Amino acid sequence: MKKIVSPILGVLLAVSLMLTGCGSQSATSPSAPQAEKTLIEGRGGDSVSLDPANVTDGESLRVTENIFDTLVAYKPNNTEIIPSLATEWKASPDGKEWTFTLQDGVKFHDGTDFNADAVVFNFQRWMDKSNPYHTGGDFDYFQSMFGGFKGDKGCVIADVKALDKTHVQFSLTVPQAPFLANVAMTAFAIASPDAIKKYGDKFGQNPVGTGPFVFKEWKPNDSITVVKNKNFWQKGLPKLDKLIFRVIPDNTARLTALQSGELDLMDGLNPSDAATVKGNSKLQLVTRPSMNVGYLSFNTTKPPFDNVKVRQALSMAVNKKGLVDAFYNGMALPAKNALPPSVWGYNDAVKDYEYNLDAAKKLLAEAGYPNGFETDFWAMPVARQYMPQPQKIAESIQADFAKIGVKTKIVSMEWATYLKKTKNGEHPMALLGWTGDNGDPDNFLYVLLDKDNANPPAASNISLYKNDKVHELLFKAQITPDIQVRTDLYKQAQLLIHDDAPMVPLVHSTPLLASASYVKGFIAHPTGTERFTEVSIEK
Amino acid sequence: MALASTQTVSKYIPTHWYDGWKRLRKQKTAIVGLSIILFFIVAGLLAPLLAPGHWDGQNLAVRLQPPSAQHWFGTDDLGRDLLTRVLYGARISLWVGFFAVAGSIVLGSILGLSAGYFGKWIDTLISRIFDIMLAFPSILLAIAIVTILGPSLVNALIAIAIINIPTYGRLIRSKVLSIKEEEYIAAAKVIGMGHTRIILRHILPNSVAPIIVQGTLGIATAVLEAAALGFLGLGAQPPQPEWGKMIADSRQYITTAYWTVLFPGLAIMLTVLGFNMFGDGLRDALDPKMKQ
């Protein structure tokens, strides 16, 4: 027993030492006129990089959201567009030219001016592969949201021009319907050109933006500290002096840290712990509006998953209702589409594969596998908002698959490696998920299931699913301004995708967070990244 | 008194073994330990008959049920019967324990015998390798080996076997060093007996007693190490019912569903306790100084 317990004790001890260490540090910090208002948020994993254009994971964007600003932004609780660095915007009648009017007098954290040239510099950096500052990563989001880089056939942005100090004009090759929603994404934040020139591919460790908080320190796998931007363009904000993002991988350990006052706010509460939080008067439960999907992807290029009947048979062998009840405490909906019902364009007419092991076995036999087969089953090593317990979910699905003769071995690896290898299509079958960035169906269906995004090593469509008809529909929806027509196109696409079963959509979860009751003004955003501008601590 | 009965048994059984058994029988703790071990062996062997369900019989509708008439040990977070899993877990833990120790003993003995008997550079080489291996914390070395081989139960067994080689190797080497100086070994050499024969017929049988004691205690350590590796996700893979893995999988429910952690934990504790008690008793019984 001793040896079994010791790892847990060790971790707890390490965590508590870490926390006490930092606690004393802030207490003794010099020359604070009043008590410094510091908020510590606990989360499951560390950021990959703090260069927003070069990351796709929520743990990185959660931080950059508070350091940078985008041209336009979302409302705090939904994905409606509001002004940010741009105060006004206008599209030409054909939808191919967009002009943004920028705020005057905003400064980057390094003291340089924000202006139209800075916007152009950033877009050139992202879109032009030959740009000397196109470094630090693969610019995945630019590629998947704007159809590729400059010179690529599908690239939507033809040119970006500064008309004068406060006006920027975008010329598009096609009238991209979700253009404005895309520009508002946390990933397309405007960074200081001087800082990018200075740090080059190390910009991700030295982020400089115009946002409410200034980057101060990053201790890998421990914490990221940002401090109040005294010259923030929203006068009087932010209300906090300091914001710390701390990594505590285990959901239960993180709750313990919140209960003991070592954290003020935590992301990723286990649904089974919701009752504990509700029953504690010092804590409050925060729910994040659902805009995500957790799914099981089949690699459609690898046998036997290249056979549609095999994929359909396995789809019938997943007990989604059971998963929701067991691992989400009911805080999730069983999924039948990759698109969540909270986003417009959702096709409710799709009839889900019924959980029926006999029918699944029969279909598997028809596909030529009467005795099943053996395969690896990849599962994420870390809890995600759309899947708080991926290993357990994998084990549960594994048992059902075994009943129809499909013997699986659960494989897991370090998170960054997992993402890299799935993007490279190395898995036969893998769990993953997606949290929407901008509330447009394009951000789910095109990103996760279009053939444009099925190219290793940077496939966001990790099923490597390629269907020309689906592509036609999704592309048409992208360049059609009329929302009614778009809705119809997305509904058709969902029917085709359902029949091909490149993935099993498992659940749309309502992610849970918890905070100390003295934390005021915190609103969880459906995209999974939120600003702390209005958040305050009132003890 | 002892003399008369010994002669009637068989001349091939060394007298001190029989003496040992008689002394062992008198030690209550050793017998209790042996009973616990036998209990788990029987439980493991008869698991298919004793267990109320299938060890991977998942039923999400009855997850995290407390112990009841239907599920004596309750159910885990996937609705599997814990009694069934603990019973089948005995197979895994004992299997890993026995074979890991057997592997260490075989390899450790070969190396220890060679080092002790031949001496010189062979001894230096082997002893330094042992020193190097003992310089690592053993579980760290096991983790490293499993990481190289890939996580699985068999690889965990191999890793545990490797990390324990020096323990047995050193023990046997020191024993060989003293036996080698005995007159009967000199006599064997004088009459022209070969090295292999001397080692196998004279040195090995006389140095085996401490190895048996150490081996019994070693099984306890091996069971713990297997559980630790399982706990870290490096040993048994789901859905195998390995005790350490069961604890790791259930540790988040420790406040809400204690039984998911309690019963596998108790099983590990009792098994380890059994081997430790038996091993201690065996040491006392086989110690020549205790001879009457």
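**Phe139(A) is buried, with 22 other C-beta atoms within 10 Å.** A residue is termed buried if 20 or more other C-beta atoms lie within 10 Å of its own, exposed if 12 or fewer, and partly exposed in between, with C-beta atoms placed from the backbone. The model is predicted, so that local features require a pLDDT of at least 70 and side-chain atom pairs count only at pLDDT 80 or more, whereas totals for chains, interfaces and linings use all residues. Residues are numbered from 1 along each chain as its sequence is written, while chains are lettered from A and ligands numbered from 1 in the order in which they are written. Phe139(A) occupies the loop between α3 (116-127) and α4 (140-145) of chain A; its phi is near 50 degrees, a positive value in a residue other than glycine. Helices (H or I, at least four residues) and strands (E, at least two) are DSSP runs, numbered from the N terminus.

**The loop between α14 and α15 of chain A holds Leu464(A).** Leu464(A) is a residue other than glycine with a positive phi, near 50 degrees. Leu464(A) is buried, having 21 other C-beta atoms within 10 Å. Pro457(A) is also placed in the loop between α14 (442-449) and α15 (468-479). The peptide bond joining Pro456(A) and Pro457(A) is cis, with omega about 10 degrees. Most residues other than glycine have a negative phi, and most peptide bonds are trans.

**A cis peptide bond runs from Leu237(A) to Pro238(A).** Its omega is near -5 degrees. Pro238(A) belongs to the loop between β11 (223-228) and β12 (242-247) of chain A.

**Helix α7 of chain A (residues 251-259) has buried residues Asn251(A), Arg254(A), Leu255(A), Ala257(A) and Leu258(A).** These residues lie on the same side of α7(A), because they cover an arc of only 160 degrees around the axis; the arc is that of the directions from the helix axis to the C-beta atoms. An α-helix has 3.6 residues a turn, so residues three or four places apart point the same way. After α7(A) comes Gly261(A), with a positive phi near 85 degrees.

**Trp98(A) lies in strand β6 (residues 97-102) of chain A.** Trp98(A) counts as buried, with 23 C-beta neighbours inside 10 Å. Apart from neighbours within four places in sequence, Trp98(A) is in contact with Trp89(A), Ala91(A), Phe170(A) and Phe179(A). Two residues are in contact if their C-beta atoms, placed from the backbone, lie within 7 Å. A separation of 35 Å lies between the C-alpha atoms of Trp98(A) and Gly294(A), which are 196 residues apart along the chain.

**Chain A is divided into domain 1 (11-49 + 211-288 + 512-537), domain 2 (68-202) and domain 3 (292-509).** The bounds come from an automatic or database domain assignment. Taken over C-alpha atoms, the centres of domain 1 and domain 2 of chain A are 30 Å apart. Their contact takes 11 residues from domain 1 of chain A and 14 residues from domain 2 of chain A. On the side of domain 1 of chain A that touches domain 2 of chain A, four residues are nonpolar, seven polar and no residue is charged. Ala, Val, Leu, Ile, Met, Phe, Trp, Tyr, Cys and Pro count as nonpolar, Asp, Glu, Lys and Arg as charged, and the others, Gly among them, as polar.

**Leu39(A), Phe142(A), Ile190(A), Met266(A) and Ala514(A) touch the most other members of the largest nonpolar core, which has 82 residues.** A nonpolar core is a set of buried Ala, Val, Leu, Ile, Met, Phe, Trp, Tyr and Cys residues joined through C-beta atoms within 7 Å. The largest share of this core, seven residues, is supplied by α3(A). At least three residues come from each of domain 1 and domain 2 of chain A. Not counting residues up to four places away in sequence, the residues that Ala514(A) touches include Leu255(A), Leu258(A), Met266(A) and Val286(A). A second, separate core of 71 residues includes Phe40(B), Ala227(B), Trp243(B) and Ile247(B).

**At the interface, 21 residues of chain B are in contact with 19 residues of chain A.** Two or more residues of the side of chain B that touches chain A come from each of α10 (195-231), α11 (243-250) and α12 (259-286) of chain B. With four residues, α10(B) gives the most to this side. The residues of the side of chain B that touches chain A comprise 12 nonpolar, five polar and four charged.
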